[in-house]
Amino acid sequence: VGSFHFTGETNANWIGGVTPLYAIIRNSADYKEWRNQVFKRDIWTWRECGKHGGNIKAHHVKSFAEYPELRFDIDNGKTLCEECHRETF
């Protein structure tokens, strides 16, 4: 049995401990506030299938990556269930 490491410097994908910008943004207070505001506006109801509560996702209508100026715009978000969110990709 070999000694395999899947995290840190011994991982083949290691890039020097640099956290990707998207990860930093998605863990920021501003992003968490955006998600919360989207959920509140939608009354925690999934916009595509109409269910309420459960495992909800805040989805960017216009791409997070392609429209950085809209990342925190509540009008660019909608509440989806995990299954509907997967179908958007």
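**Exercise 1.** Over which ring does the charged end of Lys62 sit?

*Solution.* Keep in mind that this is a predicted model. Go to Lys62 and follow its side chain to the charged end: you'll find the ring of Tyr67 there, with its centre 5.4 Å away. Now try Arg71, whose charged end sits over the ring of Phe64, 4.3 Å from the centre.

**Exercise 2.** Work out how the rings of Tyr31 and Trp34 are arranged.

*Solution.* Step one: a pair of aromatic rings is described by the distance of the centres and the angle of the planes. Step two: the structure holds three aromatic pairs, and in the one made by Tyr31 and Trp34 the centres are 5.5 Å apart. Step three: the planes meet at 35°, so this pair counts as tilted.

**Exercise 3.** Are Tyr31 and Phe64 buried or exposed, and how do their rings pair?

*Solution.* Buried means under 20% relative accessible area. Tyr31 has 6%, so it is buried, and Phe64 is buried with 6%. Their ring centres lie 6.1 Å apart with the planes at 90°, so the pair is edge-to-face. Tyr31 belongs to helix α2 and Phe64 to the loop between β1 and β2, so the pair ties together parts 33 residues apart in sequence.

**Exercise 4.** Which element supplies the largest share of the largest nonpolar core?

*Solution.* Start with the core itself: 12 residues, among them Ile25, Tyr31, Trp34 and Phe64. The largest share, four residues, comes from α2.

Key
Residues are numbered from 1 along each chain as its sequence is written. This is a predicted model: local features need pLDDT of at least 70, side-chain atom pairs count only at pLDDT 80 or more; totals for chains, interfaces and linings use all residues. Side-chain values use heavy atoms; hydrogens and water are left out. A nonpolar core is a set of buried Ala, Val, Leu, Ile, Met, Phe, Trp, Tyr and Cys residues joined through side-chain atoms within 4.5 Å. Buried means under 20% relative accessible area, exposed over 50%, partly exposed in between (1.4 Å probe, protein chains only). Helices (H or I, at least four residues) and strands (E, at least two) are DSSP runs, numbered from the N terminus. Rings of Phe, Tyr and Trp (its six-membered ring) pair if their centres lie within 6.5 Å; planes under 30 degrees apart count as stacked, over 60 as edge-to-face and the rest as tilted. A charge sits over a ring if NZ of Lys or CZ of Arg is within 6 Å of the ring centre and within 35 degrees of the ring normal.
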